[in-house]
Amino acid sequence: MGVVSFGLLSLISLLTLAMDGVRGASSDLVGSQIASRIIGEMQQCPWDQVAARNGQVSHYDAQGKRVDAAAASGDLTGAAPSTGFSTYTARLVVGEVRSYGCDISVLVVAAADDRGTKMIQDYLDGKSRGGLVTVYPSQLARLEK
């Protein structure tokens, strides 16, 4: 009886570890989809507007869909029923814009609204170097003349 109960407890503890792993992988997947979407938007952006988007913060729900400002603040009065709550925060960082291209980074954190914005700012200020903020670097090439 003791052996069976020990075996069941071991299986249950392994199950919780597996669920944490699945949750973490799902969070990483959504974060990379958000970053890919922002990088794609930047590639479509007119070159003279690239630098103006530096520091742009946006909020996303658990499926990676952009959430409007009312939902991001938690104020759903008057918002459409399909509007979800913010789960992820992303910030765009644009490097020096040159005539031929520039470096950009998308910082994504699985935290909502002001808390997520503060976590990203702390990361940029060097106050936090934990694994909470994921950085997705990319380069933009100027294809128009």
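User: Why is Glu41 called partly exposed?
Analyst: Its relative accessibility is 32%. Buried means under 20% relative accessible area and exposed means over 50%, with partly exposed in between (1.4 Å probe, protein chains only). Glu41 falls in between, so partly exposed is the label. This is a predicted model: local features need pLDDT of at least 70, side-chain atom pairs count only at pLDDT 80 or more, and totals for chains, interfaces and linings use all residues. Residues are numbered from 1 along each chain as its sequence is written, and side-chain values use heavy atoms, leaving out hydrogens and water.

User: What makes Glu41 and Arg66 a salt bridge?
Analyst: A salt bridge needs a side-chain nitrogen of Lys or Arg within 4 Å of a carboxyl oxygen of Asp or Glu. In this pair the closest N and O atoms are 2.9 Å apart. The pair therefore qualifies.

User: Where in the chain do Glu41 and Arg66 lie?
Analyst: Glu41 is in helix H1 (residues 2-44). Arg66 is in the loop between strand S1 (57-60) and helix H2 (69-72). They are 25 residues apart, so the bridge links distant parts of the chain. Helices (H or I, at least four residues) and strands (E, at least two) are DSSP runs, numbered from the N terminus.

User: How do you know whether Arg66 is buried, exposed or partly exposed?
Analyst: Its relative accessible area is 41%, so Arg66 is partly exposed.

User: Which residue does Lys118 meet in a salt bridge?
Analyst: Its partner is Asp122, at 3.0 Å, N to O. Both lie in helix H3 (residues 113-124). They are four residues apart, about one turn of the helix.

User: What separates the N and O atoms of Glu96 and Arg98?
Analyst: The closest ones are 4.0 Å apart, and the pair forms a salt bridge. Glu96 has 56% relative accessibility, so Glu96 counts as exposed. Arg98 has 32%, so Arg98 counts as partly exposed.

User: How many salt bridges does the structure hold?
Analyst: The structure holds three.

User: What is the pattern of the protein chain along the sequence?
Analyst: The pattern reads α-β-α-β-β-α-β. That is three helices and four strands.

User: How much of the protein chain do buried residues make up?
Analyst: They make up 30% of the 145 residues.
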